[in-house]
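Reader: Could we go through this model together? Please begin with its basis.

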Amino acid sequence: ERKAVYKIAQIGGDGIGPEVINAGVRVVNAAAKKLGTFKVDFNELDWSSDRYKKTGKYLPEDYIEVLKQHDAIFFGAVGAPDVPDHISLWGLRLAICQPHMYANVRRTRILPGTQSPLRDCAAGDLDWCIIRENSEGEYAGHGGRSHRGMPYEVGTEVTMFTRVGIERIARFAFQIARSRPRKLLTYVTKSNAMRNGMVLWDEAVENVAHEFPDVKMDHMLVDAMTVRMTLNPKSLDTILATNLHADILSDLAAALAGSIGIAPTANIDPDRVMPSMFEPIHGSAFDITGMGLANPVGTFWSACEMLEWLGETEAAEMIMKATEKACVDGIKTRDLGGSATTEEVADAVIARLQ
Ligand code: NAI
Ligand code: MG
């Protein structure tokens, strides 16, 4: 059901996060104005490492209730040079996403007007959708440390897979694969070396596959997958992997498509209990913060994913086309070989909305 006004939680976060999110907000508002069929009400929340350093907390106590008042979350990045990364990640991003947003969707393709670092890879040769299990696995947070500071100190990080967790993400991935022209799903594990949880993965995915006889499926071990992605990108379409494996493979995917700055992420709660969260794949990049060098394309693409999830397909397509046109016209940031600033790219995209 279409709503006239969408309420979006805007969390810029740290580093270049607010820079790219502000650019994204401008582009979304411009598209909504152009179409005139809906409005977006962005509610800016100051949940960031600055807040943590001032108050000791990334999030207010009632953050779940606050987020539930929104239709979606538009997120930049979290991470500061003077806060340990595991504190910032668990304090903000994982606190928001786990356990409801169990499907992480990471699309990658080579945008027109940009180049892959692969010699013989043209736009169209690399068009993937990576589905990452987003709630358990290697990032379940199970484990501990004993005998701190001793030579025999021990740290455990227990990987936790459940049949329910694997089957629900597998069904989600098969549905995505089915919706794409090639109907091809490759799932990735490491079930030769990891003989418990990863074998459960293989069994559970193969089990779900019977429900989707129209989707072609194959299996890769994660190490061999890096080779196939690099040497035969054309042979892949939809990719399903665990939390850790897909985290790494999607960074590789973004790099092979041209830049970490272009790739989008959707953290989806398919049950719509929580608003889903949309963010560029990159981090807070403090090496380029405040310099106008941040590529906002990954954020624009994430905004398109958000609009699509809200049912505003026309607006999503409008922004994506305008973004591609700006790339073709050479209005790109430094990471893509251009010299435009974040704001100039946003201006160029807004000027090309039609
Ligand atoms: P990063 O993604 O922030 O940066 C990696 C490299 O890519 C840097 O050289 C950076 O300048 C460049 N880069 C990233 N985004 C770019 C963009 N939009 N345009 C142009 N260049 C871009 O990853 P890094 O350096 O490992 O992490 C920095 C901080 O971000 C850490 O605190 C880390 O924990 C955090 N982080 C947060 C994430 C999130 O919030 N989802 C994801 C990844 C990292
Ligand atoms: Mg990552």
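Predicted model: local features only at pLDDT ≥ 70, side-chain atom pairs only at ≥ 80, totals over all residues.

Reader: What is the strand order in the open sheet?
Author: The order is 2-1-3-12-11-4-5-10-8-9, with mixed pairing among 10 strands. Strands are DSSP runs of E with at least two residues, helices runs of H or I with at least four, both numbered from the N terminus; two strands pair if DSSP finds at least two bridges between them.

Reader: And which strands stand at the edges?
Author: Strand 2 (39-44) and strand 9 (216-221) do; each has a single partner strand, so one side of each is left without a neighbour in the sheet.

Reader: In which sense do strand 8 and strand 9 pair, parallel or antiparallel?
Author: Strand 8 (residues 184-189) pairs with strand 9 in the parallel sense, over six bridges. Leu-185 has Met-217 in strand 9 as its bridge partner.

Reader: Changing topic, is Val-27 buried or exposed?
Author: Val-27 counts as buried because it has 25 C-beta neighbours inside 10 Å; the cut-offs are 20 or more other C-beta atoms within 10 Å for buried, 12 or fewer for exposed and partly exposed in between, with C-beta atoms placed from the backbone. Val-27 lies in helix 1 (residues 17-35).

Reader: Which helix gives the most to the shell around ligand 1?
Author: Helix 4 (residues 85-97), with three residues.

Conventions
Residues numbered from 1 in each chain as written. Chains lettered and ligands numbered in written order.
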